[in-house]
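Subject: Structure handover

Hello,

Here is the structure I promised to pass on. My notes follow below it.

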Amino acid sequence: MRLENKVAIITGAASGFGEGMAKRFAEEGAKVVVADLNAKGAERVANEIGRAAIWTQTDVSTRSEFDEMVYAAKSAFGRIDIMVNNAGYTHRNGDMLEIDETTFDLITAVNMKAIYHAALAVVPVMDRQGGGVILTTASTAGIRPRPGLTWYNASKGWAITATKSMAVELAPKNIRVNCLCPVAGETGMLEKFMGADTPEIREKFRASIPLGRLSTPLDIANAALWLASDEAAFVTGVALEVDGGRCI
């Protein structure tokens, strides 16, 4: 029970990597706040976990909704030990000049500004408690970008740099800050990453991964579990590649 007596908020937890983390964290003893813009999905995941979880409908691009989410977490469980910034958004694979400004603004709001909102909302709570863990789902796109995803790639590079800077600044407060860099996986955004979902395009993506497959929610959840646990008590500022060798 590596997260026994810990309370974790996970955004984007109604599906994909976030759902995998929520269920894996609960298996290891955590109380989990399943947060997502998709209320029905968040409710489903929380119900499947059971009494160790609550759900909130949360738009991570809005500060007031972060505050409401934190209030719900503290009301239900009394504290916040782990904040997982997992919610993400991307544009469809294609020409960088053809991405409209509305899409660009949504990418920056969800992938970048939400990390800022999270810090403002949870760092004071963690500081009063004597420490905590902030974990962000970044991407291999921020380390070894593929063509056709320029603005998404840039947002994930920003997330990695923010992680490292936050780690240094928050270390005196005993708040560890890390991020995960998954390779493309079986999530709702996969089709947009690829541009189209065909056997040929999937094979092209798989061929770029030395271990020969896409990532799974369990792959990412297990890595997140370790970084969130006390086993990683001396690990901060890390961008952990969970990528089957893609970034080599």
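Asn5 is exposed, with a relative accessible area of 62%. (Buried means under 20% relative accessible area, exposed over 50%, and partly exposed in between, with a 1.4 Å probe and protein chains only.) Asn5 lies in the segment before β1 (7–11). Its phi is positive, about 70°, although Asn5 is not a glycine. Asn174 also has a positive phi, about 60°, and is not a glycine either. Asn174 sits in the loop between α5 and β6. Most residues other than glycine have a negative phi.

Some ground rules. This is a predicted model, so local features need pLDDT of at least 70 and side-chain atom pairs count only at pLDDT 80 or more, while totals for chains, interfaces and linings use all residues. Residues are numbered from 1 along each chain as its sequence is written, and side-chain values use heavy atoms, leaving out hydrogens and water. Helices (H or I, at least four residues) and strands (E, at least two) are DSSP runs, numbered from the N terminus.

Next, two loop residues. Glu28 is in the loop between α1 (16–27) and β2 (31–36). At 12% relative accessibility, Glu28 is buried. Leaving out residues up to four places away in sequence, Glu28 touches Met1, Arg2, Leu3, Glu4 and Leu225. (Contact means heavy atoms within 4.5 Å.) The Glu28 side chain reaches the backbone nitrogen of Arg2 at 2.9 Å.

Asn86 lies in the loop between β4 (82–85) and α4. Asn86 is buried, at 9% relative accessibility. A polar atom of its side chain is 3.1 Å from the backbone oxygen of Gly12. Beyond its neighbours within four places in sequence, the contacts of Asn86 include Ile10, Phe17, Met21 and Thr137.

Now helix α5. The helix has 21 residues and spans 30 Å from first C-alpha to last, close to the 30 Å expected at 1.5 Å a residue. (The expected span is 1.5 Å times one less than the number of residues.) Its buried residues include Tyr152, Lys156, Ile160, Thr163 and Leu170. Among the elements that cover them are α4, β5 (132–137) and β6 (175–182).

What about aromatic pairs? The count comes to one. Phe104 and Trp151 are edge-to-face, 5.7 Å centre to centre with 85° between the planes. The pair links distant parts of the chain: Phe104 is in α4 (residues 101–129) and Trp151 in α5 (residues 150–170), 47 residues apart. (Rings of Phe, Tyr and Trp, the last by its six-membered ring, pair if their centres lie within 6.5 Å; planes under 30 degrees apart are stacked, over 60 edge-to-face, and the rest tilted.) Phe104 is partly exposed at 33% relative accessibility. Trp151 is partly exposed too, at 27%.

Cys181 is buried at 0% relative accessibility, and Cys247 is buried at 16%.

Best wishes

Terms used. Polar contact = N/O pair within 3.5 Å; in protein donor to acceptor, adjacent residues only side chain to side chain.
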